[in-house]
Amino acid sequence: MKRFVIPTRVYSGTDSLRRLERYRDKKTWVVCDGFLAKGGAIARLLEHLDADRVTLFSDIMPDPPIATVVAGIERLQTVRPQVVVGFGGGSAIDAAKAMVFFGRRAGIAIDTFIAIPTTSGTGSEVTSASVISDPVLGIKYPLFNDEIYPDIALLDPQLVVSVPPAVTANTGMDVLTHAIEAYVSTGASDFSDALAEKAAQMVFRHLPDAFATGNCLRTREKMHNASTLAGMAFSQAGLGLNHAIAHQFGGQLHVAHGLANALLLAEVIRFNSQDARAAKKYARLARLCGLAAHQSDDRAGLNQLLNHIGLLKRQVGIPSGLGGLAIGAEKIRLAEANMIRAALNDATLTTNPRPATDNDIAAIIHAVI
Ligand code: NAD
């Protein structure tokens, strides 16, 4: 039996922030990072709320650490808001999700949790996941729980126009990785496949333009919606080996999440394509995205998918490996054993189409150095 649940109400379009006006008379707590707290983005948000009723928590940093979540829960207990808004990239939304989840358990009566993404990448606004980091151990913990789903997601493409090209590239590749991992996952269904196919088509079609011409609202809207579609797909179907290793690149080496996924994507596809069912699905996806001829066999389809991922990465300036990131070979070597151990324990590995051993993971890491 397969299960499909998306409890989040989604409003999209350039007027979607107007939905906030329904909460003007509520005590509202906004969770964001320091950059967004100062810019025009927060001003756009506050246009639709009563500023006297809004409190900001702007201490979020990339890959939010446990300590920030704990500080947020303490603050939440003082403010006791009726509405919480997670405003930002995946880091701000994930931190807000964890704060709301534990805050509600501590008895704070939060009526409504609203997620407003300002990057087009994680899909966190429609997922049951929150990824929190332990910087001491260098581990990123993906927490999954149905109570983590935001109540409402607002997708305004105008919020994404200011995202710089490198972040557009990384987050866009994150969308593609979500779609592809969900598509070959052991938890995939016809329902999640429909979402993953559409998201992957949109990334191949629109990411190069979003990277090259960041102020084109239509292109930004397509990538923003693709991100949410891919989030819906993987929240139902699960992820896989790509994320299990990418979480370690983030936790141990501080590589941005989307970039870590992008570096690993082709190698993980090569590894998983030894599974016959996965190989067929990669080829089908290539044909559906117009990357391979309709009549092409599965081997040709897989090769075209790999070729087009390589081309897309070059178009959006993704380096060919970890070596291009100035991390230092010694640091990678020292972290390797920990990364392999943690990847084998990462919750996302459970739905990978092919079992992976420590040697398999080591080989993939070596291939992307
Ligand atoms: P992020 O939230 O860390 O943001 C990256 C950078 O972009 C930050 O410096 C931020 O200030 C900046 N930024 C955000 N919006 C901007 C805007 N509109 N204009 C200019 N700059 C902007 O990056 P992300 O990739 O969105 O999120 C990554 C995090 O999400 C990771 O911790 C990852 O593990 C997690 N994640 C969660 C899920 C989930 O389902 N919960 C899924 C995938 C990834």
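Predicted model: local features only at pLDDT ≥ 70, side-chain atom pairs only at ≥ 80, totals over all residues.
Residues are numbered from 1 along each chain as its sequence is written, and side-chain values use heavy atoms, with hydrogens and water left out.

**View 1. A nonpolar patch on the surface includes Tyr141.** The patch is formed by Ile66, Val70, Phe102, Val136, Leu137, Tyr141 and Leu143, which together have about 620 Å² of accessible area. Such areas come from the Shrake-Rupley method with a 1.4 Å probe, and for residues only the protein chains shown count as cover. Patch residues have over 30% relative accessible area and no salt bridge; like charges are joined within 9 Å, and nonpolar side chains (Val, Leu, Ile, Met, Phe, Trp, Tyr) within 5 Å. A salt bridge is a side-chain nitrogen of Lys or Arg within 4 Å of a carboxyl oxygen of Asp or Glu. Helix 3 (66-79) and strand 7 (139-144) each supply at least two residues of the patch. Helices (H or I, at least four residues) and strands (E, at least two) are DSSP runs, numbered from the N terminus. Tyrosine 141 has a relative accessible area of 33% and is therefore partly exposed; buried means under 20%, exposed over 50%, and partly exposed in between (1.4 Å probe, protein chains only).

**View 2. Helix 10 packs against helix 11.** The axes of helix 10 (residues 276-288) and helix 11 (residues 298-315) are 7 Å apart, at an angle of about 65°. Axes are lines fitted to C-alpha atoms, for helices over the stretch in contact, and angles run from 0 to 180 degrees between N-to-C directions. The two helices are therefore roughly perpendicular to each other; angles under 35 degrees count as roughly parallel, over 145 as roughly antiparallel, 65 to 115 as roughly perpendicular and the rest as oblique.

**View 3. Histidine 257 lies in helix 9.** Helix 9 spans residues 257-272. Histidine 257 is buried, because its relative accessible area is 18%. Its C-alpha atom is separated by 7.2 Å from that of histidine 247, ten residues away along the chain.

**View 4. Isoleucine 318 occupies the loop between helix 11 and helix 12 (329-345).** With a relative accessible area of 8%, isoleucine 318 is buried. Isoleucine 318 and leucine 263 are 55 residues apart in sequence, yet 7.7 Å apart in space, C-alpha to C-alpha.
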